[in-house]
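Biologist: I am new to this structure. Please show me how to read the packing inside it.

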Amino acid sequence: MIQACSISKSHQSGRGTKKVLHDISFSVPRGSTLAIIGKSGSGKTTLLNCMGGLERPDTGSIHCLGVDLLGLSKRELSRFQRTKMGFIFQSGNLLSYLTVFENIAFPLALNRLEKERRTTELLEKTGLLELKSAMPHELSGGETQRIAFARAIAHAPQMLLADEPTANLDSQTGEMLVKSMFTMCRKEGCAIILSTHDHNLVSLSDKTITILDGKISHEKKHQNT
């Protein structure tokens with residue numbers, strides 16, 4: 001179970017202090033999917049960053065898999081992120097000097113896990129085995145995000161955070177990617193928190209929360225299997 005309770009966050013700028021998140025609370029059971037929807041600037045990315053330990057909220061609590069995330073030291077948090085979490089960003093963020101195979105294997109190497117079998121398995125599941133020796137600059141946008149997804153789940157995390165993973169893709173490719181992500185993660189018992197502004201994707205998730213001006217304005221459950 002992943003649970004956020006009364007999360008609030010402000011950012012400092014030259015214009016003063018701006019409150020980005022206001023008293024956000026929600027929970028995500030293991031193996032389920034949550035879509036956070038909202039316009040640009042609504043606070044979606046900041047909320048994801050707080051959930052992943054990339055930013056620290058001003059108030060509130062975050063419990064992931066029974067662990068008080070805000071109570072961890074920097075070293076403990078780093079280890080938790082490396083072993084229990086996976087991250088997908090808008091642009092994929094693949095390492096430009098590594099092949100497709102090496103990019104997927106990277107988190108496995110960090111965690112001293114077996115690389116060859118797991119990486120090959122993920123390439124087969126994403127339909128990209130023939131690209132294992134390709135470099136990131138040779139990939140299409142859809143291929144890049146599929147590889148980024150495979151890398152994010154390579155070490156079998158229990159929590160996957162995806163920040164606008166379909167933002168740079170056409171609607172058909174984006175929907176195919178999200179369906180694949182949700183199917184594979186449900187099978188592996190990994191919870192997904194995904195941010196998007198694409199209303200066509202939200203019905204694929206188990207639950208949706210809509211963020212408006214840093215507050216939850218709407219919450220809806222979907223009947224998915």
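Biologist: Which residues have the most contacts inside the largest nonpolar core?

Modeller: First, this is a predicted model, where local features need pLDDT of at least 70, side-chain atom pairs count only at pLDDT 80 or more, and totals for chains, interfaces and linings use all residues. Residues are numbered from 1 along each chain as its sequence is written, and side-chain values use heavy atoms, leaving out hydrogens and water. In soluble globular proteins, nonpolar side chains tend to be buried together. A nonpolar core is a set of buried Ala, Val, Leu, Ile, Met, Phe, Trp, Tyr and Cys residues joined through side-chain atoms within 4.5 Å; buried means under 20% relative accessible area, exposed over 50%, partly exposed in between (1.4 Å probe, protein chains only). Here the largest core has 36 residues, and those with the most contacts inside it are Ile 88, Ile 104, Ile 147, Phe 149, Leu 160, Met 181 and Leu 194. A second, separate core of 27 residues includes Val 28, Ile 36, Leu 69 and Met 159.

Biologist: Which residues of helix α2 are buried?

Modeller: Helices (H or I, at least four residues) and strands (E, at least two) are DSSP runs, numbered from the N terminus. In α2, residues 74–84, the buried ones are Leu 77, Phe 80 and Gln 81. Seen down the axis, they fall within an arc of 95 degrees, so they line one face of the helix; the arc is that of the directions from the helix axis to the C-beta atoms. Arg 75 and Arg 79 are exposed on the other side of α2.

Biologist: What do the buried residues of α2 pack against?

Modeller: They pack against β4 (59–64), β5 (67–68) and β6 (85–88).

Note on methods
Contact = heavy atoms within 4.5 Å.
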